[in-house]
Amino acid sequence: MGVAAEQIRSLHKYEKTILLALERGMKRYAWVPLDEIRASTGLAESEINYRVARLMAWGMVRFNPVPYDGYALVFGGYDALALATLARKGTISALGAKIGEGKESIVHDALGLGPVAIKFHRVGGRSFASARLNRDYMPGQGHCPWLIASKKSAEREYEALTRLHPHVSVPLPVDQNRHAVVMALINGQNLNRCRLVAPKEMLEQILDCTRRAYKVGIIHADLSEYNILIEDEKAVIIDWPQWIGTDHPNAETIVERDIDNILAFFSRKYRLDYPRKDAVSGVVG
């Protein structure tokens with residue numbers, strides 16, 4: 001990400017053209033053949049070789065010679081395309097430091113009309129197999145490379161935030177492009193890192209967020225102390241790409257698992273014994 005952010009302003013129009021050609025080509029190829037790039041861009045082979053060498057040096061493209069000369073975007077290149085589009089739209093004007101990282105995402109602060117966070121979804125490697133197994137929106141078979149999976153993940157999260165805000169305490173959604181979601185910056189700490197003065201009140205606040213989301217028709221499906229931020233004594237629920245609808249056949253089981261995760265955390269850290277029956281009925285009742 002750092003390399004892509006530094007180089008994006010100096011990308012030549014031919015280099016952007018090649019990145020776009022690779023993005024299109026990877027819907028059909030794991031490694032896009034040189035002939036396909038040439039046909040898609042209309043550039044001479046010598047020009048492509050020169051530009052691709054620069055993109056590879058910047059960590060945006062990877063080369064594979066077997067069984068043919070082929071090229072693929074890596075996350076640096078996909079980041080560059082998303083950032084270029086968001087900058088052109090005026091959504092962001094500057095990318096800041098990395099402020100968070102999970103198994104499927106990296107989050108940076110940035111400047112737009114005000115302070116924002118930009119979350120780059122990273123569904124690939126180990127998490128790609130998990131996503132295919134555990135998420136209804138991922139195709140069970142066929143060619144679905146990491147860039148399509150990451151884009152789908154970002155689209156899902158943006159949809160959830162758009163539907164939930166302002167009814168539920170979630171980050172304000174600002175924009176989405178490819179695998180990137182731009183949202184209002186939350187200046188808070190993860191729940192697991194906080195020492196709460198009034199843990200029962202905070203638990204009830206989180207349960208109320210879960211209830212409000214349920215009324216909107218959305219279940220987080222991965223709720224824990226690691227994806228709740230505390231800002232000015234207010235809980236903000238983050239990380240929504242794996243959400244499911246309340247019409248899902250296993251909806252009640254999944255929302256109860258979310259509730260159990262939160263109850264277990266407050267019991268473990270604060271010795272708070274909150275009746276499970278009350279918690280569940282308060283959300284789905």
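**Getting to know this predicted model**

Q: What share of the 285 residues in the protein chain is buried?
A: Welcome to a predicted model. A residue counts as buried when its relative accessible area is under 20%. For the 285 residues of the protein chain, the buried share is 50%.

Q: How many helices and strands does the protein chain have?
A: Let's look at the overall layout. The C-alpha atoms fill a box of roughly 70 × 40 × 30 Å along the principal axes. Within the protein chain, the secondary structure comes to 10 helices and 13 strands.

Q: Among contacts between residues at least 6 apart in sequence, what percentage joins residues at least 24 apart?
A: A contact here means heavy atoms within 4.5 Å. Taking the contacts in the protein chain between residues at least 6 apart, the part that joins residues at least 24 apart is 62%.

Q: How far apart are the mean positions of the positive and negative charges of the protein chain?
A: The surface comes into view here: the protein chain exposes about 14100 Å², with 49% of it supplied by carbon and sulfur atoms. As for charges, there are 37 positive and 33 negative ones. Their mean positions are separated by 3 Å.

Q: Which backbone oxygen does the side chain of Ser 169 reach?
A: Ser 169 lies in the loop between helix 7 (146–164) and strand 7 (173–177). Because its relative accessibility is 14%, Ser 169 counts as buried. Beyond residues up to four places away in sequence, Ser 169 touches Cys 209, Lys 234, Ala 235, Val 236 and Ile 237. At 2.6 Å, its side chain reaches the backbone oxygen of Ala 235.

Q: Why do the buried residues of helix 10 lie on the same side?
A: The buried residues in helix 10 (residues 276–284) are Ala 279, Val 280 and Val 283. They lie on the same side of helix 10 because the arc they cover around the axis is only 90°.

Q: What separation do the C-alpha atoms of Ile 244 and Ala 221 have?
A: Ile 244 sits in strand 13 (residues 244–245) and is buried, since its relative accessible area is 12%. Leaving aside neighbours within four places in sequence, its contacts include Arg 156, Gly 217 and Ala 221. Along the chain, Ile 244 and Ala 221 are 23 residues apart, while their C-alpha atoms are separated by 6.6 Å.

Q: Which residue does a cis peptide bond join to Pro 166?
A: Most peptide bonds are trans. Pro 166 is in the loop between helix 7 and strand 7. The cis bond here has an omega of about 5°, and the partner of Pro 166 is His 165.

Q: What is omega for the cis peptide bond that joins Val 66 and Pro 67?
A: Pro 67 belongs to the loop between strand 2 (61–64) and strand 3 (70–73). For the cis bond joining Val 66 and Pro 67, omega is about 0°.

Q: Is Asp 239, with its positive phi, buried or partly exposed?
A: Most residues other than glycine have a negative phi. Asp 239, in the loop between strand 12 (234–237) and strand 13, has a phi near 65°. Because its relative accessibility is 26%, Asp 239 counts as partly exposed.

Methods. Residues are numbered from 1 along each chain as its sequence is written. This is a predicted model: local features need pLDDT of at least 70, side-chain atom pairs count only at pLDDT 80 or more; totals for chains, interfaces and linings use all residues. Side-chain values use heavy atoms; hydrogens and water are left out. Helices (H or I, at least four residues) and strands (E, at least two) are DSSP runs, numbered from the N terminus. Buried means under 20% relative accessible area, exposed over 50%, partly exposed in between (1.4 Å probe, protein chains only). Accessible areas come from the Shrake-Rupley method with a 1.4 Å probe; for residues, only the protein chains shown count as cover. Lys and Arg count as positive and Asp and Glu as negative; His and the chain ends are not counted. The place of a charge is taken as NZ of Lys, CZ of Arg, CG of Asp or CD of Glu. A polar contact is a pair of N or O atoms within 3.5 Å; within protein, one must be able to donate a hydrogen and the other to accept it, and residues adjacent in sequence count only if both atoms are side-chain atoms. The arc is that of the directions from the helix axis to the C-beta atoms.
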